[in-house]
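Here is a short briefing for a first look at a protein model. Please keep the sequence and the 3D view open while reading.

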Amino acid sequence: MKKINRREFIKAAMILTGGSFFAGCGNENLRAAEKKIYDNLDVKFLRQIITADSSNSRCVMWQTDSKMKEPLVEVNKKNSAGVKKISVVDTSFSDDGQEIFQYTVQIENLAPNTEYEYRIFDGEIFSAKNNLKTSSDKKFKAIIFPDSQSADYKVWGETAQAAFKQNPDAEFFVNVGDIVDNGEDNSQWRAWMNQVDFPLKNLPFVPVMGNHETYSREWKIRFPTAYINYFAVPENGVENFSRRFYSFDYGAAHFAVLDSQWDELEQFTPNLIATQREWLRKDFAQSSKKWKIIFIHKDVLQYRINGRPERREGFSDVGTIFMPEFENLGVDAVFTAHLHTYRNRGRLKNFVADETGPLYILTGLSGDVRYSNLWIDHALDKVVAPQPETDNFLTLEVDEKNLIVKCFLPDGKIIDEYTLSKV
């Protein structure tokens, strides 16, 4: 509970009582004023989630220790007295033997390129205010994090905090799957979110599902209940595949977030590949954005492995299935993860280096699970992170003319940079 001094208390009490604090107010009025000043709603894991169009909307989600009685969200333009109160949906669910008290609100009809503030109410008590800024059609910067799965999420926190400190102008951030090591373990989700508490409250998050989101505590495959419930991403309109893959616009770019877990989840939702491919074609056909960008967890290449001579260099099933699709759809850049190593392959087309094809970046790792001396370099690798490999993060800058990708070590040292340009 935040403490304030006597002068701050009297000033606040005068505001709350219409300036009549000294005009003989009784103990009842004093107690009411004091309650409104001191009561603070304990909101946990408050997070902004990307929406289909971030220029005019935002999704906000949070959790509490017990059921809220009268939840709502209050939104106002910064430095403006007018407020909008928005009703809230109870999206509580059960997982890992626990009931998660969770709430979701879709904030619509916002003005582009505008700074807002929002806070959560439950009756008379409320949370602190947080920032919400809508996108414009101009240049933007995003931070991209590779696999953050960890035994101890301290390293993830240090990597993420370094990235945000070095890039205060970032407008949203992405995690390219394997957000946690075990998708059913509720303590890991709490640890992950705790480490990025401030950016989650103030910037939209773009989640990508990885294979580790599908694991039970017994390390068996299960439906990714936690991931699906924690992140109310834009709906894709495909029955039985809600929140599994989705798209959104930001500035001059159209993004598609794909699900590479067809092996793991075939038993729950068959025909993911065909369903997703058909959806992607329709989705891209409806976009007029200048840049088209893909996030998908599993990588497009297959690497040889030290000590396993039978494993050959080539392309994964993700690559053989989707790389021709990306070329046909005019995709500009593809970001993958899963292998815990940073590799820039440059532009590929028809499974060879070609400056007319999409740019392919394997994003690396941002947690503490490292695969030392595992992969043998692929013939298509153009840039490989310094070995032995440590954590890293990427920035993505996009405007009407350029798409710029940079890869950094946590200390700020840049290890790779690539620019795509269009007239």
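The points below go from the whole chain down to single residues.

This is a predicted model, in which local features need pLDDT of at least 70 and side-chain atom pairs count only at pLDDT 80 or more, while totals for chains, interfaces and linings use all residues. Residues are numbered from 1 along each chain as its sequence is written, and side-chain values use heavy atoms, with hydrogens and water left out.

**Overall form**

- The chain has 9 helices and 28 strands. Both are DSSP runs numbered from the N terminus: helices are H or I with at least four residues, strands are E with at least two.
- The radius of gyration is 23 Å, close to the 22 Å that the globule rule gives for 423 residues, so the chain is as compact as a globular protein of that length. The radius is taken over C-alpha atoms, and the rule is 2.2 Å times the number of residues to the power 0.38.
- Along the principal axes, the C-alpha atoms fill a box of roughly 85 × 50 × 45 Å.

**Burial, surface and contacts**

- Of the 423 residues, 55% count as buried. Buried means under 20% relative accessible area, exposed means over 50%, and partly exposed lies in between (1.4 Å probe, protein chains only).
- The chain exposes about 18700 Å², and carbon and sulfur atoms supply 48% of that area. Accessible areas come from the Shrake-Rupley method with a 1.4 Å probe; for residues, only the protein chains shown count as cover.
- Take the contacts between residues at least 6 apart in sequence: 69% of them join residues at least 24 apart. A contact means heavy atoms within 4.5 Å.

**Charges and salt bridges**

- The chain carries 53 positive and 60 negative side chains, and the centres of the two sets lie 5 Å apart. Lys and Arg count as positive, Asp and Glu as negative; His and the chain ends are not counted. Each charge is placed at NZ of Lys, CZ of Arg, CG of Asp or CD of Glu.
- Side chains of opposite charge can pair when their charged atoms come close.
- The structure holds 24 salt bridges. A salt bridge is a side-chain nitrogen of Lys or Arg within 4 Å of a carboxyl oxygen of Asp or Glu.
- One of them joins E74 and K85, at 2.9 Å from N to O. E74 is in strand β3 (residues 71–77) and K85 in strand β4 (residues 84–87), 11 residues apart. E74 is buried at 6% relative accessibility, whereas K85 is exposed at 53%.
- Another joins E264 and K298, at 2.8 Å from N to O. E264 lies in helix α7 (residues 262–265) and K298 in the loop between β16 (291–296) and β17 (301–302), so the pair ties together parts 34 residues apart in sequence. Both E264 and K298 are buried.
- R345 pairs with D299, with the closest N and O atoms 2.6 Å apart. R345 is in strand β21 (residues 342–349) and D299 in the loop between β16 and β17, so this bridge ties together parts 46 residues apart in sequence. R345 is buried at 1% relative accessible area, and D299 is buried at 3%.
- A network of salt bridges links D299, R343, R345, D377 and D381.

**Backbone exceptions**

- Most residues other than glycine have a negative phi, and most peptide bonds are trans.
- Q387 and P388 are joined by a cis peptide bond, with omega about -5°. P388 sits in the loop between β25 (383–384) and β26 (393–398).
- D96 is not a glycine, yet has a positive phi of about 55°. D96 is in the loop between β6 (93–95) and β7 (98–107), and is buried at 16% relative accessibility.
- N350 also has a positive phi, near 55°. N350 lies in the loop between β21 and β22 (352–353), and is exposed at 54% relative accessible area.

**Two buried residues**

- T159 is in helix α3 (residues 154–166) and is buried at 1% relative accessibility. Beyond residues up to four places away in sequence, T159 touches F145, S366, D391, N392, F393 and P410.
- Q63 is in strand β2 (residues 58–64) and is buried at 7% relative accessible area. The C-alpha atoms of Q63 and I100 are 7.1 Å apart, though 37 residues separate them along the chain. Leaving out residues up to four places away in sequence, Q63 touches several residues, including D42, F45, I100, M193 and Y230.
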